[in-house]
Amino acid sequence: MKIKCLKSIVLAMSCFGAISCSKEISRKADSDITNHHVIITYLTTGNKPNDSGTSEMLEKLNERLTKLVNAELVIYYIPWNNYQTNYNLKLAEKDGSIDLIGTATDWLDAWKNASLGNFLPMSDEMIQKYAPKTWASVSKEHWDVCRMNGKIYLFPEDNYTQWTNHGFMYRLDWAKEAGLNGVHSWEDMTKYLTYVKNTKNIMPWNSNGASSTFHPEGYIQSKSDFIIADGITSTNMFGTRKSNMKKLYSPIYEGKELVEYAKLMRQWNQSGFWPENVFTSNVGNMDNREQFCNGLTAVEQHHTQTWYTQVYKKLQKNVPGADSGFFWFGEESKNVVYQTITHGAMAVSAASKHPERALMVYDLLRNDRECYELINYGVEGIQYKKNASGYREPIPGAHAIVTNYWWGRNDALEVRDTATAWDVFDNINEIYSKCKIEYPFSQIVWDLSKISSELDSVTDIYGQYMGNICYGQVSNPEEYVAEFRAKLKDAGIDKVISEFQRQLDAFYSNQK
């Protein structure tokens, strides 16, 4: 008995020594990784700021990053003008000039870039070691959404509540003047815009068609049960119906909704709801959103989140007595899908010279309160202050920061701001929660390799035709849509749909 106990003690001491030795080796490895100072370059979409606010923030942030992981952060901006093309070109360079990459599966070609070898494939062990807090905070199911061929390519923004579904912000007070109890359908919107055009001395929607994010899927989601399949193209051409999620189709290529949409947009164009020269118009010093917030236009089209965070209170402040509502695409059919957790995601460049340190920096940006507040809000006392209730409010005259950090926000570290209409957020969140469905295809990594040339051709034709459809620049919508669809057929869209149907079938087969 004593011998057994002695053996147990010796064994325990041996295990303890092995564990201690293992920890020492791990600490030494980490020390070796951080024994020299490095620069980590973070790429994001957005226009580079011209003022000093962001540089002031980075100075403070880099003091902390240097202290913790001996690294500093610089930001590389991809301007919004032609951003999709320039983004993909920059990633394709793979010259080691960038490390962390803001990306998305639904609007920034994340899986396409992963397939092209532009993103670093990461093992579970690598993330556990160099981004341990992030690893622990993301569930297995969410990590699986970020895998391709067993490797993790993306860090999901899965702990941040937001609604990025699109719709129209409108003047609720004007809608009531028009005899409407708010705008809840495309027919209501037409009546509302007609009223504004006839009674207010403003352009109802001072849109610049060259840079607008206006696409037909908003109408299609409202008039059907179409669900967009993310990660195929940024044009949202493909998906399924909620009533038949096993059949892939394109409402751009078939069905009546696109024709009806084209007819309505021609009517809107003829009614003068936007400038005649919509593709070349110069909106001046204020874009349409600023004009809306100043009572100079009647609608603005963007995310739900943009409405309650940026627009709602600003309009009320700038135009006393004004109020706004939000007509969300899909409202008529109660068709809203909660976004994929990779709508905002972070990747590491395959050509990064310091991938381990990039993970360390990302882990701090996402989980360290001081780093988080700096990268998201700026320097407290310079860019913003907290009021007695703990809410953020800007300091008058301060230069704001521009980091466009949409790839790792964290509800646990968020500081609510005074500019957001939180009661409006709570109300719309309750409405959406009653009818939303979770995005059903988050675990599908669409393989574009077999139909890449056809998909490029189809996307190119979409770009040639869709602007004219969206802004009613066609004399005969039915004929124009038929011509457009014939071009899509010639470009090989049937082959594209057939290949994605094969992949969808395989996905459901694996679910059994």
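How much space lies in the largest cavity? The answer is about 60 Å³. The model is predicted, with local features requiring pLDDT of at least 70 and side-chain atom pairs counted only at pLDDT 80 or more, while totals for chains, interfaces and linings use all residues. Residues are numbered from 1 along each chain as its sequence is written, and side-chain values use heavy atoms, with hydrogens and water left out.

**View 1. The largest cavity and its lining.** A search of the whole structure finds one cavity of 30 Å³ or more. A cavity is a set of points, on a 1 Å grid over the protein atoms alone, where a 1.4 Å probe fits but cannot get out; lining residues have an atom within 4 Å of a point. Grid points are joined across faces, edges and corners, and a volume is the space filled by probe spheres set on the points. The lining consists of T105, W111, V145, D230, G231, T340, T342, Y439, F441, S442, I444 and W446.

**View 2. The second largest pocket.** A pocket is an open set of grid points with protein on both sides within 12 Å along at least five of seven lines. The second largest pocket holds about 300 Å³ of space. It is lined by 18 residues, and Y170, H184, W307, G325 and F326 are the closest to its centre. At least two lining residues come from each of α8 (172-177), α13 (304-318), β12 (324-328) and α16 (422-435). Helices (H or I, at least four residues) and strands (E, at least two) are DSSP runs, numbered from the N terminus.

**View 3. The largest nonpolar core, and a second one.** A nonpolar core is a set of buried Ala, Val, Leu, Ile, Met, Phe, Trp, Tyr and Cys residues joined through side-chain atoms within 4.5 Å. Buried means under 20% relative accessible area, exposed over 50%, and partly exposed in between (1.4 Å probe, protein chains only). The largest core has 69 residues, and F168, W186, Y192, W268 and F484 have the most contacts inside it. Helix α17 (residues 452-470) gives the most to this core, with eight residues. A second, separate core has 58 residues, among them L91, A104, A114 and Y130.

**View 4. Surroundings of Y192.** Contact means heavy atoms within 4.5 Å. With neighbours within four places in sequence left aside, Y192 is in contact with Y170, R171, W174, A175, L180, V183, A298 and V299.

**View 5. The open five-stranded sheet.** The strand order is β2-β1-β3-β14-β6, and the pairing is mixed. Two strands pair if DSSP finds at least two bridges between them. The edge strands, β2 (71-78) and β6 (155-156), each pair on one side only. Strand β1 (residues 38-45) runs parallel to β3 and is joined to it by two bridges; L43 has I101 as its bridge partner in β3. Four bridges join β3 to β14 in the antiparallel sense, and L100 stands opposite V348 in β14. Between β6 and β14 (residues 345-348) the pairing is antiparallel over two bridges, with P156 opposite A345. In β3 (residues 100-103), L100 and G102 point one way and I101 and T103 the other way, and all are buried.

**View 6. Helix α15 and its cover.** Seven of the nine residues of α15 (residues 369-377) are buried: C371, Y372, E373, L374, I375, N376 and Y377. The cover over these buried residues includes α2 (53-69), β2, α14 (355-367), β15 (384-386) and β16 (392-394). After α15 comes G378, whose phi is positive, near 105 degrees.

**View 7. N88, D109 and N70.** N88 is in helix α3 (residues 83-93) and is buried, at 17% relative accessible area. Not counting residues up to four places away in sequence, N88 touches D109 and N113. D109 lies in the loop between β3 and α4 (110-115); its phi is near 55 degrees, a positive value in a residue other than glycine. D109 counts as buried at 14% relative accessibility. N70, in the loop between α2 and β2, has a positive phi of about 55 degrees although it is not a glycine. The relative accessible area of N70 is 19%, and N70 is buried.
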